[in-house]
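These entries record what I looked up, in the order in which I took up each topic. I began with the helices and then turned to the cores and the sheet.

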Amino acid sequence: GMDIALCCIEERESQQVKVQFSGAKRPLYYFSKQELREAKANKKSIGQIQGAEKNYDLHELILDKGDILYMTTDGWIDIINPERERFGSRQFKEILLKAAYLPLYTQKELLLEIMSNYQQGAEQRDDILVVGVK
């Protein structure tokens, strides 16, 4: 199976955008109105045989231009430190909330620094990707 988050972003006539999101085990995080929110994903991967007849939920959001969308692989959540402790979703969301006020390039640098400091040279077990769209 494959875990994935998909978005369709459509500009509207006002200063807003319509975002349609569907996720297979990967949520969409978004920063809007000074809050970090989460659109939940379905709990099954694409290609999972059991329950294949079920559809994936479609979330529609209306956001203001300038709000930020974040999609990520599970690799960031699963980063381990030398004690083999996972980074986890809670800490990741805390970082996104703090980073959201910064320019996107600065957010990237902050995420890379935090990842390096947490890993302290521990083995990377999975792909790591974070996509931020403003």
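Entry 1, helix pair. I took contact to mean heavy atoms within 4.5 Å. The model I consulted is predicted. Which residues of α1 meet α2? I found Q91, I95 and A99 on the α1 side, and Q107, L110, L111, I114 and Y118 on the α2 side. I noted that the residues of this contact divide into six nonpolar, two polar and no charged. The axes of α1 and α2 come within 10 Å, and I recorded a crossing of roughly 150°. The crossing is right-handed.

I then looked up the largest nonpolar core, which has 15 residues. Y70, W76, I79, F87 and F92 have the most contacts inside this core. At least two of its residues come from each of β3 (28-32), β6 (68-72), α1 (89-99) and α2 (104-119). For Y70 I listed the residues touched, leaving aside those up to four places away in sequence; among them are L28, F31, L96, Q107 and V131. A second, separate core has eleven residues, including A5, V19, Y30 and A39.

Entry 3, sheet. I traced an open sheet of three strands in the order β1-β2-β5, with antiparallel pairing. Why is one side of β1 and of β5 left without a neighbour in the sheet? β1 (4-11) and β5 (59-64) stand at the edges, and each has a single partner strand, so one side of each has no neighbour there. From one strand to the next, the twist averages 25°. I recorded six bridges between β2 (residues 16-24) and β5. V19 has L61 in β5 as its bridge partner.

Notes: Residues numbered from 1 in each chain as written. Predicted model: local features only at pLDDT ≥ 70, side-chain atom pairs only at ≥ 80, totals over all residues. Heavy atoms only, no water. Pairing = 2+ DSSP bridges. Helix = DSSP H or I, 4+ residues; strand = E, 2+ residues; numbered from the N terminus. Axes fitted to C-alpha atoms, helices over the stretch in contact; angles between N-to-C directions. Core = buried A, V, L, I, M, F, W, Y, C linked by side-chain atoms within 4.5 Å. Buried < 20%, exposed > 50% of the residue type's maximum accessible area, 1.4 Å probe, protein only. Left-handed = near helix turned anticlockwise from the far one by under 90°. Nonpolar A, V, L, I, M, F, W, Y, C, P; charged D, E, K, R; others polar.
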